[in-house]
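Below are some notes on strand pairing and helix packing, for checking against the coordinates.

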Amino acid sequence: MACNIHDESVSSAATCAYETKPQQSGIDIEATTLEMEAFRGPRKMNGSVSVTQKDEIGMICMTWKDVWVTASNRKNGSKSILQGLTGYAKPGQLLAIMGPSGCGKSTLLDTLAGRLGSNTRQTGEILINGHKQALSYGTSAYVTQDDTLLTTLTVREAVHYSAQLQLPDTMSKEEKKERADFTIREMGLQDAINTRIGGWGCKGISGGQERRVSICIEILTRPKLLFLDEPTSGLDSAASYYVMRRIATLAQNDHIQRTVIVSIHQPSSEVFQLFNSLCLLSLGKTVYFGPASAATEFFASNGFPCPPLMNPSDHLLKTINKDFDQDIEVGLAGTKSMPTEEVIHILLNSYKSSERNQEVQNEVAVLSKKDTSSLDMKRGNAGFLNQCLVLTKRSFINMYRDLGYYWLRLVIYIALAITLATVFYDLGTSYDSIKDRGSLVAFINGFITFMTIGGFPSFVEVMKVYQRERQNGHYGVTAFVIGNTLSSIPYLLLVTFIPGAISYYLPGLQKGCEHFLYFICVLFSSLMLVESLMMIVASVVPNYLMGIITGSGIQGIMLLLCGFFKLPNHIPKPVWKYPLHYVAFHTYANQGMFKNEYEGLRFASNEVGGGYISGEEVLRNTWQVDTSYSKWVDLAILIALLKNVGMIVVYRVLFLVIIKIKEKMKPVVVSLSCMSASPKRTIQVLENPNATPLH
């Protein structure tokens with residue numbers, strides 16, 4: 001077969017390495033200077049192979065043979081999701097995986113992409129250009145079914161920031177910007193380029209545009225292999241067609257010759273015509289694999305013809321869907337009916353014994369032995385420092401635009417601070433003020449910091465974006481933690497300073513700039529500690545509702561054992577005092593604030609004859625505070641290094657460690673699960689193909 005090449009300067013030998021039938025897209029896309037370099041054909045410099053030649057040589061052909069996937073369940077044992085699947089995907093072609101709900105479409109896609117969960121085991125042979133290898137970063141991309149994006153960013157910002165994170169430092173900022181702009185136009189988003197993606201706070205782009213933004217982000221590195229899971233899910237027929245037309249164009253519109261594999265549910269007839277190849281599944285088995293245009297002919301040859309004027313995909317899926325256990329009409333006249341299960345059985349057996357299946361087996365064998373270069377060229381991301389800067393800037397903008405992240409909290413904090421200031425107004429130095437000062441300080445340090453969990457839902461959304469980007473290898477864990485920490489500091493200072501000043505000066509707490517600054521430092525440290533604690537919770541707990549409950553419970557225990565509600569010497573020693581009393585950060589925050597407030601003051605005595613009580617006596621006798629060390633030591637325990645690692649650092653590092661452990665343990669769990677697989681089949685375990693080195 002001849003290849004349809006749109007640019008004569010591209011080497012025909014390289015482009016025709018695989019037999020393909022590119023469809024004419026009919027879509028003209030204006031290219032930037034950077035992208036036009038890719039169309040000018042191969043160039044040699046000092047005898048070396050040009051970038052264009054490398055891209056042509058690096059085309060990806062994927063084959064899989066006798067692939068089985070089994071899900072483990074402690075209650076019901078194991079269940080086979082995929083059973084002996086064999087197929088292939090070629091460069092420049094769009095392979096569609098279709099089937100009724102629960103047939104294994106997404107599982108097959110995850111298997112090929114190396115994204116199976118830890119509770120599944122995989123056997124069989126998956127080859128990339130005839131080699132068993134994991135896909136390095138930049139050679140493949142995976143677009144998930146859910147569009148997980150930062151809703152506060154515009155389309156331009158989302159793609160530009162992603163370009164700065166993914167593309168290597170060898171490219172200038174201007175080149176990265178041109179790549180991002182070209183990709184936006186490539187997906188037809190130029191009219192919505194300055195529109196926010198949108199969420200609960202503001203109306204944004206449509207569902208189809210969101211899907212295209214997700215695709216934009218993943219094709220910035222010009223991957224040779226593109227996986228898409230249900231790209232038309234939740235879209236109307238028109239939006240589905242335009243999204244799929246863009247996807248089909250990606251496979252053939254330039255010299256890259258991408259291999260595109262997509263799982264899709266019930267496409268329209270127009271979308272169905274865009275497919276080059278079709279993999280039709282039912283009950284985890286292959287009903288048909290081959291050219292999409294020949295699928296209806298295969299069904300008709302087995303007595304199940306497609307009625308006139310009916311969508312071919314509707315007919316195919318209706319015929320093999322046994323969820324409703326309805327009889328299927330046989331023949332053109334439809335005079336005879338047959339149970340769906342029997343129909344599926346006939347089609348499965350017919351495909352196994354058909355020439356089409358033999359052609360697939362032969363093609364897999366040929367492609368598996370084809371002398372094609374392995375993908376040993378790894379593309380780098382941006383440098384670590386650049387990733388930290390970009391993530392800090394992006395996170396700062398997201399926090400600024402998301403009203404629920406800090407601004408709503410600031411309003412509530414100011415209202416609460418005014419309430420405290422009026423209730424405890426002008427405390428003075430009477431005997432009753434001893435108790436009042438302690439109550440005010442403990443309330444500020446306990447309940448105001450407790451309310452920091454209000455920003456947890458916003459952080460959960462950020463974590464979802466992180467998990468998608470991390471799984472696709474955009475950046476490392478450490479860069480994310482540093483970026484999130486640095487971007488939150490200005491807002492935490494604002495949330496601390498304004499309410500703190502109101503609740504400090506109006507009640508008349510101890511005068512002096514040093515005392516006020518210490519008060520602000522402790523309150524800031526407490527707020528940051530709670531945020532760090534909730535980051536740890538978010539990395540462990542699956543959703544924000546359970547996270548809020550878990551975080552509230554942990555803080556409630558810490559607050560109870562901090563030494564205010566029950567004095568330190570009266571707390572039961574096993575477990576509650578040792579170690580929990582000293583683990584609770586409220587303990588050091590309270591002690592530091594008490595020392596800051598009482599030291600140097602004298603209070604009127606309630607004894608007959610008058611007299612005074614020193615602040616040091618109040619600390620020792622009333623609040624049982626350890627005065628053997630300075631208040632600055634309490635602050636140092638919260639935020640810095642002093643004999644041991646500070647609590648803020650501990651919590652942030654613990655958050656980082658938990659994420660890394662989860663990433664490292666997942667392949668191990670999969671490997672252990674696969675060790676118990678059937679010895680009759682070859683065992684192959686693929687780690688995340690897009691993973692980048694952990695920083």
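1. A convention is needed for point 5: angles under 35 degrees count as roughly parallel, over 145 as roughly antiparallel, 65 to 115 as roughly perpendicular, and the rest as oblique. The model is a predicted one.

2. Three strands, in the order β2-β1-β4, form an open sheet with antiparallel pairing. β2 (77-89) and β4 (120-128) are the edge strands, each pairing on one side only. From one strand to the next the twist averages 10°.

3. Strand β1 (residues 62-73) runs antiparallel to β2, and 9 bridges join the two. In this pair, Asn73 stands opposite Gly77 of β2.

4. Two helices are to be noted at the sheet. Helix α4 (residues 105-113) lies across β1, β2 and β4, and runs at about 115° to β1. Helix α13 (residues 355-369) packs on the sheet as well, where it touches β1, β2 and β4. The direction of α13 makes about 75° with that of β2.

5. Helix α17 (residues 456-471) packs with helix α20 (residues 544-560) at an angle of about 130°, and their axes are 10 Å apart. By the convention in point 1, α17 and α20 are therefore oblique to each other. The crossing in which α17 passes α20 is right-handed.

6. Which residues make the contact between these helices? On α17 they are Phe456, Pro457 and Val460, and on α20 they are Tyr544, Gly547 and Ile548. By class, the contact of α17 with α20 has 5 nonpolar residues, 1 polar residue and no charged ones.

Methods. Residues are numbered from 1 along each chain as its sequence is written. This is a predicted model: local features need pLDDT of at least 70, side-chain atom pairs count only at pLDDT 80 or more; totals for chains, interfaces and linings use all residues. Side-chain values use heavy atoms; hydrogens and water are left out. Two strands pair if DSSP finds at least two bridges between them. Helices (H or I, at least four residues) and strands (E, at least two) are DSSP runs, numbered from the N terminus. Axes are lines fitted to C-alpha atoms, for helices over the stretch in contact, and angles run from 0 to 180 degrees between N-to-C directions. Contact means heavy atoms within 4.5 Å. A crossing is left-handed if the near helix is turned anticlockwise from the far one by less than a right angle, and right-handed if clockwise. Ala, Val, Leu, Ile, Met, Phe, Trp, Tyr, Cys and Pro count as nonpolar, Asp, Glu, Lys and Arg as charged, and the others, Gly among them, as polar.
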